[in-house]
Amino acid sequence: MSDVTVRQLAEVVGTPVDRLLEQLRDAGLSKGSADDAVTDNEKMELLEFLRRSHGRNDGTPLASRKITLRRKRVSELKVPAGPPGRKTVNVEVRGKRTYVKRSTALQEEVQKTQALEEERARQEAEAAEQERKRQEAEQTKRREEEEKRKAQEEEAKRKVAEEEARRKAEEEEARRKAEEEARAKAAAGEKSSAADRKSRKEKETRYGRDEIHVAKGKAGRRSKKRAVRTPVKNVETKHAFEKPTAPVVREVNVPDTITVAELANAMAVKAAEVIKAMMNMGEMATINQVIDQDTAVLVVEEMGHKALTQSESDVEKSLTEVLQVETEDEERLPRPPVVTVMGHVDHGKTSLLDHIRRTRVAAGEAGGITQHIGAYHVETKRGMITFLDTPGHAAFTAMRARGAQSTDIVVLVVAADDGVKPQTVEAIQHARAAGVPLVVAVNKMDKPEADPERVRNEVAQHDVIPDAWGGDTQFINVSAQTGDGIDDLLDAILLQAELLELRASRDGYAAGIVVEATLDKGRGPIATVLVQSGTLKKGDIVVTGTEFGRVRALFDESGNSIESAGPSIPAVVLGLSGTPKAGDELLATADERKAKELAQYRQGKTRDIRLASQRPAKLEDVFSQIREGEVQPLNLMIKTDVQGSFEALKEALEKLSNDEVEVKIVGGGVGGITESDVNLAAASQAIMLGFNVRADGAARRTVNEQDVDLRYFSVIYEAIDHVKAAIGGMLRPEIQERIIGLAEVKEVFKSPKMGAVAGSIVVDGVVRRSEPIRVLRDNVVIYEGELESLRRFKDDVEEVRMGTECGIAVRNYNDVRVGDQIEVYERTEVARTVA
């Protein structure tokens with residue numbers, strides 16, 4: 001038998017290659033890979049080892065289990081050997097045949113089968129043991145959760161019982177005081193009634209009736225003469241209401257939004273008068289129409305009253321002050337600085353943070369670009385710093401603006417080999433608008449083409465002067481790859497923080513800002529919050545924007561559960577009623593009822609503003625509506641993983657609208673794609689875009705049934721390019737004209753059938769019969785049309801090339817003169833694209 005490899009032997013035996021290599025090593029045979037050769041002797045050694053290891057060696061020598069027979073035969077072969085005759089050649093044939101006992105082969109097969117069964121039984125036993133341990137762990141976890149839940153329920157019941165006992169005690173005390181007051185009043189009433197009875201008894205007559213007192217000069221009996229009525233003179237018959245002699249000017253408080261009926265009540269006039277005044281102003285409205293503040297002010301002034309604009313924020317501010325009352329004597333302690341890293345895309349912002357945090361965040365982002373605001377707090381040797389990493393792509397302008405408004409220091413990252421770019425200038429403008437100091441980090445200094453002086457010159461053109469030139473902005477040369485200059489950058493940040501003297505109170509209820517928000521299928525609405533003052537704890541009642549709730553769980557940026565978060569510390573909050581908007585203010589309070597009231601008030605205000613933005617029909621809008629009918633709508637539905645990405649993608653796609661195609665976002669939000677989203681997209685004939693989200697099973701079935709166009713994206717510019725391509729396909733193609741030939745008229749002939757025929761010569765290009773033409777006279781176009789006939793001698797031809805004479809008849813035009821030029825051109829359609 002020839003040598004075989006370990007892989008071939010494993011296939012023959014029916015065992016995995018790894019297990020066979022392990023058995024060979026146990027048998028003392030050094031085989032390192034599956035391609036090593038195995039000889040017959042090594043096979044026998046392996047078999048002997050396996051038998052010994054399984055206790056099945058019967059002691060029979062291997063040589064006795066097979067018989068080898070060798071046979072040698074000699075024969076003669078006659079071959080021609082030239083003219084004399086034939087030559088005899090002796091041929092020796094050797095044969096070899098080996099016989100193996102059948103019982104031995106069967107025994108080996110049985111042993112192999114038994115070994116496989118034992119191995120399979122061992123693996124099943126191990127799997128069963130692991131499953132048992134897992135079930136025991138799950139039961140223990142469920143038991144602990146049940147005990148924790150019971151303890152919480154008992155604590156809640158105890159608090160309810162204590163509250164009920166306290167309430168009953170207060171009611172009993174109030175009832176006792178009321179009974180005492182009633183008894184006192186009853187005693188006083190008895191004394192007064194006794195005195196009244198005594199006085200009445202003195203006045204009673206002998207018949208038991210009271211005396212009748214008659215006025216002086218009046219008789220006791222009624223006179224039989226009829227009383228004569230004397231008329232009353234000089235009595236005013238005027239009613240109490242007087243018509244005002246001058247118009248009544250009222251001061252009307254006008255909020256952000258108000259209905260027509262409420263505005264009429266405020267001016268003390270009928271609603272019909274207000275509607276009439278609005279019609280005279282060109283505004284159509286109904287009695288329940290919600291109008292905005294500007295329109296209401298114009299109506300009030302038109303009707304002669306004085307309008308006082310009242311901001312809804314005043315009411316909201318009063319509710320907010322009720323929610324959170326800060327005392328003046330709270331101690332304000334130093335807090336860590338909040339640093340936002342901003343700059344152009346691919347200039348190394350996230351890589352710089354990676355080196356500081358010793359993590360790999362940029363590699364985890366789709367496309368290698370940051371698409372969310374990341375909030376991290378880092379413990380350095382010089383103190384704690386909280387970092388906000390903002391995206392640099394052009395579509396994330398709103399995210400960068402939020403980052404600049406919620407920060408103390410802005411680190412502007414500029415690549416030394418690329419210089420100042422559009423997003424770099426935008427980051428400078430955001431920092432300047434927010435009044436935040438800048439620290440410029442000149443990154444990628446490890447590259448040979450790095451030029452930090454060029455970066456300083458370009459940044460200085462935007463009024464950011466380096467401190468080395470006498471300015472107030474620190475410039476630090478760093479390299480995110482090698483780590484050079486990182487310590488200097490941290491020193492610059494902490495030095496700037498010391499100059500700012502950042503302080504905040506750690507006691508009291510927390511106040512902060514929502515950095516990012518998302519909707520998790522299992523955990524519900526999740527908000528990343530940056531605490532600015534106070535301490536946010538588990539169980540706190542919070543309100544942010546139009547949402548409220550109780551903090552059920554707190555996590556840090558690494559996903560670890562925490563009990564509280566102090567000033568300048570980012571935290572992930574679970575327990576809100578819905579997904580808040582990124583940038584909303586978060587307040588913690590103890591009054592759940594007030595928090596719910598504030599959230600509902602904001603929801604109503606948002607709804608009123610949305611209704612007010614839906615302007616009613618105007619007479620002058622008729623022609624614009626007719627024109628809008630020519631615009632093709634491109635309906636889109638967007639579902640994203642976080643609120644910031646939804647806002648950025650929505651704003652970027654709406655900017656792609658033009659005069660022919662209007663991009664409409666018919667729906668969307670945060671979270672996975674559901675069946676109701678697909679039904680809405682199908683009803684509105686919209687294209688669904690999923691950004692880092694996926695559709696569930698029911699939604700996928702509905703997509704297939706209703707043939708909805710669903711696209712998934714993980715990088716924002718890929719989604720924008722896809723929508724640009726769709727818009728380009730909807731645009732009308734551009735018609736381009738190209739002159740292909742020019743003929744000059746040399747003579748004019750009259751034809752009874754075709755009228756004037758121009759005898760011409762082609763001076764440039766080619767004249768085709770099927771293409772449109774223009775007749776030029778003195779280089780001025782006097783006619784546009786098409787050819788009636790094109791002949792060469794007496795033959796009709798399709799085209800005539802340069803330098804050839806021909807006869808040309810222009811359809812429906814006979815004023816052809818000698819010296820005119822006939823220009824032939826062709827029209828081509830060119831597809832348009834969106835820049």
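**Labels and their grounds**

Modeller: This is a predicted model. Start with an open sheet of 4 strands, paired in parallel, in the order E26-E25-E27-E28.

Biologist: Why are E26 and E28 said to stand at the edges?

Modeller: Each has a single partner strand, so one side of each has no neighbour in the sheet. On average, neighbouring strands here are turned by 25° against each other, direction ignored.

Biologist: What makes E27 and E28 a pair?

Modeller: A pair needs at least two bridges. E27 and E28 have 4 bridges, in the parallel sense. Leu 689, for instance, has Arg 711 in E28 as its bridge partner.

Biologist: Which strands does H19 touch, and what angle does H19 make with E25?

Modeller: H19 packs on the sheet and touches E25, E26, E27 and E28. Its direction makes about 165° with that of E25. Helix H17 (residues 675–683) lies across E25, E26 and E27, at about 175° to E25.

Biologist: How do you know that the length of H19 agrees with its residue count?

Modeller: H19 covers residues 716–730, which is 15 residues. At 1.5 Å a residue they should span 21 Å, and the end C-alpha atoms are 22 Å apart, so the two agree. Its buried residues are Ile 716, Ala 719, Ile 720, Val 723, Ile 727 and Gly 728. They pack against several elements, including helix H16 (643–654).

Biologist: Why does Lys 444 have no salt bridge?

Modeller: The cut-off is 4 Å, from a side-chain nitrogen of Lys or Arg to a carboxyl oxygen of Asp or Glu. For Lys 444 the nearest side chain of opposite charge, Asp 417, is 4.7 Å away. Lys 444 sits in the loop between strand E14 (438–443) and helix H12 (452–460). Its contacts include Asp 346, His 347 and Asp 417.

Biologist: Which strands pair with E20, and over how many bridges?

Modeller: E20 is joined to E21 (residues 547–555) by 4 bridges, antiparallel. E20 is also joined to E24 (residues 585–589) by 4 bridges, again antiparallel. Val 542 has Gly 549 in E21 as bridge partner, and Thr 544 stands opposite Leu 586 in E24. The hairpin of E20 and E21 has 2 residues between the strands, and there Gly 545 takes a positive phi near 65°.

Biologist: Which way do the side chains of E20 point?

Modeller: Ile 541 and Val 543 point one way, Val 542 and Thr 544 the other, and all are buried. In a regular strand, side chains alternate between the two faces of the sheet.

Notes:
Residues are numbered from 1 along each chain as its sequence is written. This is a predicted model: local features need pLDDT of at least 70, side-chain atom pairs count only at pLDDT 80 or more; totals for chains, interfaces and linings use all residues. Side-chain values use heavy atoms; hydrogens and water are left out. Buried means under 20% relative accessible area, exposed over 50%, partly exposed in between (1.4 Å probe, protein chains only). Lys and Arg count as positive and Asp and Glu as negative; His and the chain ends are not counted. Contact means heavy atoms within 4.5 Å. The expected span of a helix is 1.5 Å times one less than its number of residues. Axes are lines fitted to C-alpha atoms, for helices over the stretch in contact, and angles run from 0 to 180 degrees between N-to-C directions. Lists of a residue's contacts leave out its neighbours within four places in sequence.
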